[in-house]
Amino acid sequence: MSNLQYRLAAIAALIVASGWALFPRTVIERIPRNGSFVTDTVKRVPLKKGLDLQGGMHLTLAVDESKGAVSDKSTALDRALKVVRTRIDQFGVAEPVVQKAGADRIIVELPGIDDERRATDVVQKAAFLQFQITDKTGAFERVVPRLDGIVKDKKLTGGATAPDVRGDSSKSPAIKSLFTPKSDSVKAKAAGADSTSTTGPFSRLVISAAALGSQVPGLFFVAVTDQREIDSYLQNADIQAALPPGKVVRWGADSMVANGRALIPLYVLDSRPIITGDALIDAQPNLEPIDGAVVTFTLSNEGGRKFKNETGKHVKDYMAIVLDDRVMSAPIIQSAIGTRGQITMGGKDLSSAQDLSIVLRAGALPVPLKVEEVRAIGASLGADSVQKGITAGVIAVLLVVIIMLGYYRFAGLLAVCGLALYMLFTLAALAGFSAVLTLPGLAGFVLSIGIAVDANVLIFERIREEMVHGKAIRTAIDEGFKHAMSAIIDSNVSTALTAAVLYQYGTGPVKGFAVTLIAGIAASMISSIFVVKTFFLVWLNRNKTAETLSI
Amino acid sequence: MFRILHDTKYDFIRWWRTAAGLTIAFIVIGIGSIFVRGGFDYSVEFTGGTLMQLHFNAPPEQGKIRAALDAGGIKDEEVTTFGSPSDFTIRARSDSTSASADSASRKIEGLLVTGFGRDAFKVVRTEAVGSKVGSELARGAIIAILVSFFVTLVYLAIRFDWRFGISATIATMHDILTTVAFMKIIHLEISLTVIAALLTVIGYSLNDTIIIFDRVRENLRKNRREPLYNTLNRSVNETLPRSILTHATALAATLALLFFAGEVIRPFAWVMAFGIITGTFSSIYVASPILLWIETKYPRENTAKTSKAAKASPA
């Protein structure tokens, strides 16, 4: 075979390989159907679209150290990773990604999920289950006067803020700022003037359960509108020091209405749990006729023995079921309980019971996690981006084709053929390295269509110069390619180095962009040098006596 | 053969003082306004905070959105339309480092459901970033730029000569300054995509500088007696047709992105469009005069250095 035939064979091989890399193939995938996920086979082009193009959620989780430092972060994170992965697998997502990023982050990618709230809940919920006996010694009542004193002495103010009836208001970022004294706070002045009164600034907000006819010891109520204020007091170091030892104060999960006011329960509990969620081996959602949605759980044999023993000691006491420091319910212990129990969801729907059983089954997170970053992109926006990207790409190709054909005529046609192969090779390379095509990556690809012809422009200009110098066509083409080479190599290598730096130091979308850039540089070198040169050789072969070249 | 601008003999380098004055004025206006009118707008990726893109079924009143958010105590939010009167973005700064990044977006969504009803709008995009992630991103971007400078410098020193390396690096710095000034002047928000565009501009401009320097290197070898001033001018003129063609195709692709690729990509396309112009300018009016200036300060030992350059280049 001649040199030319080798070249043609190589190009054919490249085209076949690229075509194979891009050929739609049958894959087994979990796809959403009628709201649930089923495993099925689908045919698709093996070009992986990033979350910004197909829609979905990206979460970055980190260890939350705002409530105390975590000692062995790395091990804790590894265990947390396992828990999160188990939960996500049960949540039912097509191709989830759960991986560690760096030493202290977990990245979760959920393609096709756009219910941001539900997903973050499932991932983030600590699911730390505890059973604690409510305080029956009246310890809290005894320290209330001291708490009043501290609030007065330290001039703590809760601030008169708008009510926040949402369940997680205690985690709301605004709480901390409430500590800054406000001179115009009406309540603070009232409290100061009221120093002789028996009801102090703290105690006047707390209603004893007995006043509402409840028998539960250690139970108090706070108006929902006052919850923030009380919460801010409870987070104060001086107040915390004054709370009775061996007891903890926990909010109830749901508010109730009594005497026309929305009230939220506040429990005082023994800090030692009689048992924790570690002993739990199964949890299932259920719908009960009276309680509504519930989660029934099963304890291990050992856990069951311990539970029976402890509950036996506390018959007629009230046992608070505490999930993530919120009291779900506090039923009375009628007799010793064995391995089974249930958590009522307080009127929430079945899907929340489903989510809770998922997180209980997967186990508690060993460390609290906080969401550092969320990106959620609706599927329609992603599809829209792809559509617009393709439109821009087609227009870019058209413009470049017009410029190249208009200026270089026949040689321009060869360059345009080279450009077509460039696009094929680049996409194939992306598919081959299973790189993820992101929106910036798509933009980079469209841009590269305009830049990829640069090598051909350089070569053609050189060929023209050689022709002007009176060289024969064949020599002019040869020399043109040869002389343009150093400029092409130096400029492409330096761009590739920049792209490599981008890849090394970039994150997420920028990384995808860098991969597209590098794949594009390699493909453009092959297509505009090797392929277009071969085209010229074919042409020379057919027109052995050519004296003019349309360039 | 249809040729444009071939065999030109323009004295490009002669105008370098005017060009320098223009570009310095541009940089001073742009960078100066950073100090006078406050810094850049950074995207939530860098500042930390929340960005939500909403699609309403019917165009709502912008004031009503603001009112709904203000009622719930969301402070300093920015509500802007995004492409059409039914599409909005809402930005809110994060107000605490300890809270989970997604608390603000939940609150905003809740408030809007209260104000407009659940079916009146759809959240099509949410980005919420803690401030810590943002500062790490910013550091990563700066490191990326500095490392790419160093890599370029070393590569050009090996392939050409240290003089070329320094000139090209200074030209690149110039491009970063003018592009940053441009971003400030048109009030572009600094986001990861814009940083990616800036880095692409660096690559593109470097490309362009190297093409001209490659010609300079070749002409220096061909004609050692010619003053560098003339060599530079000759090289710029000889590469002029190529420059016009390549910039035209690159600009064509960029304009396609600018007008057809949608709102999200538009900042990228703006930076790129400007970058093509500044990159072309700097190859001629920054890189070349600096090379000339270095040459007068540290003249080459004519034979030794050029033969070294000759060895380093292929063929």
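## Strands, interface and cores: worked exercises

Strand E5 (residues 97–101) and strand E6 (residues 105–111), both of chain A, pair in the antiparallel sense over five bridges. The model is predicted.

### Exercise 1

Solution. 
1. Start at the turn. E5(A) and E6(A) form a hairpin, with three residues between them. A:Gly102 sits in that turn and has a positive phi of about 65 degrees.
2. Locate a facing pair. A:Lys100 stands opposite A:Ile106 in E6(A).
3. Strand E4 (residues 56–63) of chain A runs antiparallel to E6(A), and seven bridges join them. Here A:Leu61 stands opposite A:Ile106.
4. Check burial. A residue counts as buried if 20 or more other C-beta atoms lie within 10 Å of its own.

### Exercise 2
Task: Work out which elements of chain A touch chain B, and which one gives the most residues.

Solution. 
1. Count the contacts. On chain A, 68 residues are in contact with 69 residues of chain B.
2. List the contributors. Elements of chain A that each supply at least two residues include helix H4 (116–124), strand E19 (369–377), helix H12 (379–432) and helix H15 (473–505).
3. H15(A) gives the most, with 15 residues.
4. Sort by type. The chain A side divides into 36 nonpolar, 18 polar and 14 charged residues.
5. E19(A) pairs with strand E4 (residues 121–129) of chain B in the antiparallel sense, over five bridges. A:Arg375 stands opposite B:Glu127 in E4(B).

### Exercise 3
Task: Find the residues that touch the most other members of the largest nonpolar core, and trace the contacts of B:Leu257.

Solution. 
1. Take the core. The largest nonpolar core has 125 residues. A:Val400, A:Val446, B:Ala253, B:Leu257 and B:Val271 touch the most other members.
2. Find the main source. H12(A) supplies the largest share of this core, 22 residues.
3. Trace B:Leu257. Set aside its neighbours within four places in sequence. B:Leu257 is then in contact with A:Ala392, A:Ala443, A:Val446 and A:Leu447 from chain A, and with B:Ile265 and B:Ala269 from chain B.
4. Separate the other core. Another core, of 101 residues, lies apart from the largest one. Among its members are A:Leu110, A:Phe220, A:Met345 and B:Val129.

Conventions
Residues are numbered from 1 along each chain as its sequence is written. Chains are lettered from A and ligands numbered from 1 in the order in which they are written. This is a predicted model: local features need pLDDT of at least 70, side-chain atom pairs count only at pLDDT 80 or more; totals for chains, interfaces and linings use all residues. Two residues are in contact if their C-beta atoms, placed from the backbone, lie within 7 Å. Helices (H or I, at least four residues) and strands (E, at least two) are DSSP runs, numbered from the N terminus. Ala, Val, Leu, Ile, Met, Phe, Trp, Tyr, Cys and Pro count as nonpolar, Asp, Glu, Lys and Arg as charged, and the others, Gly among them, as polar. Two strands pair if DSSP finds at least two bridges between them. A nonpolar core is a set of buried Ala, Val, Leu, Ile, Met, Phe, Trp, Tyr and Cys residues joined through C-beta atoms within 7 Å. A residue is buried if 20 or more other C-beta atoms lie within 10 Å of its own, exposed if 12 or fewer, and partly exposed in between; C-beta atoms are placed from the backbone.
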